[in-house]
Amino acid sequence: MGRFSQFFRNPLAFLFERPSQEDRLAAYVIREHDRGRSLEDVLNDRYILNRTTPQQLRRLLENPDLVRALGNDTIESVRTMMPSSS
């Protein structure tokens, strides 16, 4: 309810919000992959591992910007190597 009431106080506040952690991580993965690193290497980077749980990492691989930038086949190949959640 708090966010809803804040919207009416400042309807343009969303324009000034900082990117979410997931958006920052997706941008990092895309940038590092563009530099020539393999997706598996980037996902095993301490920067990613220190900021995500296995569930968050799986959700990151569903990020539309990430899928669009790296391609679904690249993402799918890494998903198959990830341990399943229990």
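**Salt bridges, an aromatic pair and a nonpolar core**

Modeller: A network of salt bridges links Glu32, Arg35, Arg37, Asp41 and Asp45. The model is a predicted one, in which local features need pLDDT of at least 70 and side-chain atom pairs count only at pLDDT 80 or more, while totals for chains, interfaces and linings use all residues. Residues are numbered from 1 along each chain as its sequence is written, and side-chain values use heavy atoms, with hydrogens and water left out.

Colleague: Are Arg37 and Asp41 buried or exposed, or partly exposed?

Modeller: Buried means under 20% relative accessible area, exposed means over 50%, and partly exposed lies in between (1.4 Å probe, protein chains only). Arg37 has 23% relative accessibility and therefore counts as partly exposed. Asp41 is partly exposed as well, because its relative accessibility is 38%.

Colleague: Why is the contact between Glu22 and Arg59 called a salt bridge, and where in the chain do Glu22 and Arg59 lie?

Modeller: The N to O distance between the side chains of Glu22 and Arg59 is 3.6 Å, and the limit is 4 Å, so the name applies. Glu22 belongs to helix H2 and Arg59 to helix H5 (residues 54-60); they are 37 residues apart, and the pair links distant parts of the chain. A helix here is a DSSP run (H or I) of at least four residues, a strand is a run (E) of at least two, and both are numbered from the N terminus. Glu22, with a relative accessible area of 28%, is partly exposed, and Arg59, at 44%, is partly exposed.

Colleague: How do you know that Arg68 and Asp65 form a salt bridge, and which class of accessibility does Arg68 have?

Modeller: The closest N and O atoms of Arg68 and Asp65 are 2.5 Å apart. Both residues lie in helix H6 (residues 64-70), three residues apart, about one turn of the helix. Arg68 has a relative accessible area of 61%, so this residue is exposed, whereas Asp65 counts as partly exposed at 43%.

Colleague: What makes Tyr28 and Tyr47 an aromatic pair, and why is the pair called tilted?

Modeller: Rings of Phe, Tyr and Trp (its six-membered ring) pair if their centres lie within 6.5 Å; planes under 30 degrees apart count as stacked, over 60 as edge-to-face and the rest as tilted. By this rule there is one aromatic pair. The centres of Tyr28 and Tyr47 are 4.4 Å apart and the planes make an angle of 40 degrees, so the pair falls in the tilted class. Tyr28 in helix H2 (residues 21-34) and Tyr47 in helix H4 (residues 46-49) are 19 residues apart, and they link distant parts of the chain. Tyr28 counts as buried because its relative accessibility is 11%; Tyr47, at 28%, is partly exposed.

Colleague: Which residues touch the most other members of the largest nonpolar core, and what qualifies a set of residues as such a core?

Modeller: A nonpolar core is a set of buried Ala, Val, Leu, Ile, Met, Phe, Trp, Tyr and Cys residues joined through side-chain atoms within 4.5 Å. The largest one has 17 residues, of which Val29, Leu39, Leu43, Leu60, Leu61 and Leu66 touch the most other members. Helices H2, H3 (39-43), H5, H6 and H7 (72-81) each give two or more residues to this core. H2 gives the most, with five residues.

Colleague: How do you know that Leu66 is buried, and which residues is Leu66 in contact with?

Modeller: Leu66, in helix H6, has 0% relative accessibility and therefore counts as buried. Contact means heavy atoms within 4.5 Å. Leaving aside neighbours within four places in sequence, the contacts of Leu66 are Ala26, Val29, Ile30, Leu60, Leu61, Gly71 and Ile75.
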